[in-house]
Amino acid sequence: MANALARAGREAVVLEAGPALAREGSGNPSALMKPRMTPDAQPYGRFHAMAWLHALRLYETLPPDVWREGRGVLVAARDAAEAAAQARLVESLPWPAEALRLVDGAEARALTGATAPRGGLWYGLAGCLHPAVLCPALAQGAEVWTGAPAGGIERTAAGTWLVRDPEGVPLLETAAVVLCAGAALPALWPEAQWPLGKSRGQISFLPAVADAPRAALSFGGYLTPPFPDDDGRMVHALGATYDRWRDRTEDFRPLHDADHARNRDLLRRHLPELAARIDARPVGGRAGLRCTIQDHMPLAGPVHDRPPFLDAFDALHHGRKAPPFPEAPLHEGLFVLGALGSRGFQTAPLAAARVAAEISGAPLPMDRGVADSLNPARFDVRTLRRPPQARHRRK
């Protein structure tokens with residue numbers, strides 16, 4: 001978001017709760033960056049295709065060490081049905097071969113050093129990112145305050161926004177605020193009642209072996225090429241579990257042996273030859289929380305003022321027979337970028353560009369259908385389109 005605002009000519013201050021930038025949801029040491037492609041032309045598929053290309057263009061402008069070694073990702077076909085679906089996908093997407101192509105088992109082995117009997121999809125421009133390098137590179141030019149958790153925000157009589165810390169002490173007064181708080185979004189702005197959830201993910205670090213794969217593999221889970229951990233050991237990241245954590249209060253960070261076992265079992269099931277080569281006890285791991293949402297699309301745009309919004313558009317279910325509607329009631333100067341799930345490194349750059357365009361008054365960087373699919377008010381709009389007797393407004 002800070003990078004998108006800088007490109008739009010705006011100054012940004014990042015309030016980071018932790019001691020270093022982006023060490024929570026973006027804190028894995030190696031992050032798989034591959035596209036989510038669909039064969040249709042619906043807003044979901046269009047957004048993910050545009051987001052992938054936008055993110056690639058942005059990351060290629062940054063220092064090369066934002067990428068880990070070993071570009072390219074193989075999405076292994078796990079069964080005959082998935083192999084057929086991959087073939088249909090390639091037929092429907094006229095992408096250049098260096099970006100996307102089908103490979104058989106022999107070529108998969110040559111590209112990655114791993115055996116995938118049914119081959120799979122090869123994304124030659126994909127790879128693994130180094131978040132500890134990438135995130136500071138994106139924040140260049142912004143003012144970053146570490147150890148500065150936001151406890152709440154409020155609109156002032158002067159029309160600005162005041163950000164307070166958890167004890168209520170003022171931190172910052174600013175013209176606009178973008179909520180980029182991941183799983184903490186509901187706590188910062190509960191009025192919105194977005195249908196958000198949390199999911200815990202655990203990755204496992206496996207010791208690298210001499211004939212380790214040269215590229216990342218995706219197989220329902222994923223395995224990265226080797227990289228040095230904090231102790232200088234060469235390890236793979238194997239992941240990741242995906243468990244709902246919506247109303248749980250215990251600490252999500254402690255590692256669970258059962259989750260390490262689940263990660264290893266997934267590798268054994270789908271890539272048994274590779275699993276046999278690197279089947280060692282994990283030497284560490286990491287757990288984090290993803291911020292999820294019902295329709296699997298990010299929240300990106302202005303935050304609506306929910307009570308007057310619901311009243312203003314109460315007749316939306318009448319369709320074309322409805323009376324003229326007013327301008328949507330919004331909290332002027334308040335925006336959100338969140339609900340990125342497990343694909344934030346792919347989707348955040350384009351979603352952030354959409355928010356920056358709203359702030360600066362620039363044209364949106366996507367078509368209206370895609371922009372509407374990211375609109376933070378979309379869930380209330382869907383409710384209002386139903387007849388009143390069929391509505392079940394979220395409480």
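# Notebook: strands, turns and domains

Entry 1. I began with strand β3 (residues 73-76), which is joined by four bridges to strand β5 (residues 120-123), the two running antiparallel. I took strands as DSSP runs of E with at least two residues and helices as runs of H or I with at least four residues, both numbered from the N terminus. I counted two strands as paired if DSSP finds at least two bridges between them.

**Entry 2. Basis of the entries.** The model is predicted, so I note that local features need pLDDT of at least 70 and side-chain atom pairs count only at pLDDT 80 or more, whereas totals for chains, interfaces and linings use all residues. Residues are numbered from 1 along each chain as its sequence is written, and side-chain values use heavy atoms, with hydrogens and water left out.

**Entry 3. The sheet of β8, β9 and β10.** I next looked up an open sheet of three strands, in the order β8-β9-β10 with antiparallel pairing. Its edge strands are β8 (152-155) and β10 (170-174), each of which pairs on one side only. Neighbouring strands of this sheet are turned by 20° against each other on average, direction ignored; the axes are lines fitted to C-alpha atoms, and angles run from 0 to 180 degrees between N-to-C directions.

I then followed the two hairpins. β8 and β9 have five residues between them, and G159 in the turn has a positive phi of about 90°. The hairpin of β9 and β10 also has five residues between its strands, with G168 at a positive phi near 90°.

**Entry 4. Helix α4.** At the N-terminal end of helix α4 (residues 105-112) I found D104 as the cap, with a side-chain oxygen 3.2 Å from the backbone nitrogen of A106. After α4 comes G113, whose phi is positive, near 80°.

**Entry 5. Helix α8.** R277 lies in helix α8 (residues 272-278). I recorded a polar contact of 2.9 Å between the side chains of R277 and E273. A polar contact is a pair of N or O atoms within 3.5 Å; within protein, one must be able to donate a hydrogen and the other to accept it, and residues adjacent in sequence count only if both atoms are side-chain atoms. Leaving aside neighbours within four places in sequence, R277 is in contact (heavy atoms within 4.5 Å) with R109, G113, A114, T115, V209 and D211.

Entry 6. Where does a cis peptide bond occur? I located one from G239 to A240, with omega near -15°. A240 is in the loop between β16 (234-239) and β17 (243-244).

A22 has a phi of about 55° and is found in the loop between β1 (13-15) and β2 (31-33). H296 has a phi of about 65° and lies in the loop between β18 (284-293) and β19 (299-304).

**Entry 7. H296 and T292.** Are H296 and T292 buried or exposed? H296 counts as exposed because its relative accessibility is 59%, while T292 counts as buried at 18%. Buried means under 20% relative accessible area, exposed over 50%, and partly exposed in between (1.4 Å probe, protein chains only).

T292 is in strand β18. T292 and G341 are 49 residues apart in sequence, yet 4.7 Å apart in space, C-alpha to C-alpha. Beyond neighbours within four places in sequence, the contacts of T292 are P195, L196, G197, K198, S199 and Y242.

**Entry 8. Domains.** The domain assignment gives domain 1 (1-41 + 125-195 + 294-386) and domain 2 (203-288); such bounds come from an automatic or database assignment. The domain centres, taken over C-alpha atoms, are separated by 30 Å. The contact takes 10 residues from domain 1 and 12 residues from domain 2. I noted a buried area of about 930 Å² between the domains, of which carbon and sulfur atoms give 59%. Buried area is the accessible area (1.4 Å probe) that two parts lose on being put together, summed over both.
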